[in-house]
Amino acid sequence: MAGSREMRQKDRWRVLAKKLHGRIPPSLRWILQPAVFCYRTYDEIRPRFWIGESQGRDDGLSISVLCVAGTWDRSFLFGQVLGPHYRERCVGRTWLWKLPKVLAAEGQHCCAVVARVRPGLRRLLGFEKWISIPAWVVGEVDLPLPRHIRTSGNVKKDLRKIQKNALSYEVSQDVEQFDDFYHRMHVPYIAKAHGDGAIMNSYGDARKAFKGSELLIVTTGGEHVAGGLIVYSEGVPRLAMAGVRDGSKELLRTGVIGARYHFTFDHLANQGYTKAGLGKSRAFLQNGALQYKKKLGMRLVGTANGCFYLRVSGRTPASETFMRENPLILERDGVLYGVVFVDAHVGQLSDGEFVQLDKQFFMHGLSRLLVVPLSDSMPIASVPSELASRVAVCPISDMVR
């Protein structure tokens, strides 16, 4: 395994290579495509391995995860499953098929392994028991929003903020306004919201996406404060590239992001559209963006960009806490399931508890919400008949070995 000094030197070479590549005229970059392809393949099958460890938990537990993923995905994963306070360290670079050896040598205390690799490379990871989590799920809503959604407490809260802060909107296809949106709203908002896990289109790609699209701008007092693109290149118009002026937390508190959604829905419904795409969301059921879209009535319609492979190691207090705190969406044979783990000591779940789990975690587009007791000996609870088409109980042995 490489030492930290050697890894820093390699990182410097990678940065230099990217700078040199950026200075080559686009018309000549095809010359480097074979070399770029070879390096990316090498980087996939001989990646860096990282260990993330939670810090300062109230329960005193230390939860560690071994991860194979690039910077963006790794930052998201550690933040999602370990919380905002964690530390990470690289344990070196080696071949994917040596993952069991890395786990034995460096990750004895890790309660889980997460690998972001292409499906074709899955068998190189060794082990048999992996949970396949979509890297992204894709969803859409009906327009206009159904009455039970429009009258829900969450949507009413959004609408009250719109009225209280005198928010309005305008729609534009002006390039100068797009440039202001991209540089002063989209980039700072995404960077502040997601930190090292921020994924944003380059300016060139964003300009291409803007062709044939509309820019919806949220305004207050005549000032442009937030916005996003409406992309019409697909069968269903899709919301893309949100932004808030300077990434301002003060503006966020006024409800400009919610306003962007509701103004876009109104704009599309007035044009006769009956659906709107909400883009990609992470497949963790407590993820903030996914939960917000769920409250808007989002229906899952697919996945995008591959998947994460998760393997939970053994049955320890740390591994059970990891599972309990991370309800997720898994994919099996092209079908999506929600998975929520429940404590072994709760015994037979009551009808009310099943109703609460269904309300909190079931999403349209899931085949079932699987409730998994964290004990093989736990009595199998009976799902209320009115939920039987949406919720099922699944033994822990189907998830962990």
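Arg299 has a relative accessible area of 23% and is therefore partly exposed. The model in which this value was computed is a predicted one. Glu140 has a relative accessible area of 12%, so Glu140 is buried. The side chains of these residues, Arg299 and Glu140, form a salt bridge, with 3.1 Å from N to O.

**Other salt bridges**

Side chains of opposite charge can pair when their charged atoms come close. With the cut-off of 4 Å between a side-chain nitrogen of Lys or Arg and a carboxyl oxygen of Asp or Glu, the count comes to 18 salt bridges.

One of them joins Arg93 and Asp43, whose closest N and O atoms are 2.8 Å apart. This pair links distant parts of the chain, since Arg93 is in strand S3 (residues 86-93) and Asp43 is in helix H2 (residues 33-45), 50 residues apart. Is Arg93 buried or partly exposed? Its relative accessibility is 7%, and residues under 20% count as buried, so Arg93 is buried. Asp43, at 24% relative accessibility, counts as partly exposed.

Another salt bridge is formed by the side chains of Arg184 and Asp246, at 3.1 Å from N to O. Arg184 lies in helix H7 (residues 175-194), while Asp246 lies in the loop between strand S9 (238-244) and helix H9 (249-253), so parts 62 residues apart in sequence are tied together. Arg184 is partly exposed, with a relative accessible area of 38%. Asp246 is also partly exposed, with a relative accessible area of 35%.

| Salt bridge | N to O distance |
|---|---|
| Arg93 and Asp43 | 2.8 Å |
| Arg299 and Glu140 | 3.1 Å |
| Arg184 and Asp246 | 3.1 Å |

**A sheet and a helix across it**

Which order do the strands of the open sheet have? The sheet has four strands in the order S12-S13-S14-S15, and the pairing is mixed. Strand S12 (328-332) and strand S15 (391-393) are the edge strands, and each pairs on one side only. From one strand to the next, the twist averages 35 degrees.

S12 and strand S13 (residues 335-342) are paired in the antiparallel sense over five bridges. Within the sheet, Ile329 stands opposite Gly338 in S13. Helix H13 (residues 351-361) lies across S13, strand S14 (368-373) and S15. The helix runs at about 125 degrees to S14.

**The chain as a whole**

The secondary structure of the protein chain comes to 13 helices and 15 strands. Of its 401 residues, 45% are buried. Among contacts between residues at least 6 apart in sequence, 74% join residues that are at least 24 apart. The protein chain exposes about 20,400 Å², and carbon and sulfur atoms supply 52% of this area.

Methods:
Residues numbered from 1 in each chain as written. Predicted model: local features only at pLDDT ≥ 70, side-chain atom pairs only at ≥ 80, totals over all residues. Heavy atoms only, no water. Pairing = 2+ DSSP bridges. Helix = DSSP H or I, 4+ residues; strand = E, 2+ residues; numbered from the N terminus. Axes fitted to C-alpha atoms, helices over the stretch in contact; angles between N-to-C directions. Contact = heavy atoms within 4.5 Å. Buried < 20%, exposed > 50% of the residue type's maximum accessible area, 1.4 Å probe, protein only. Areas by Shrake-Rupley, 256 points an atom, 1.4 Å probe, with all protein chains shown as cover.
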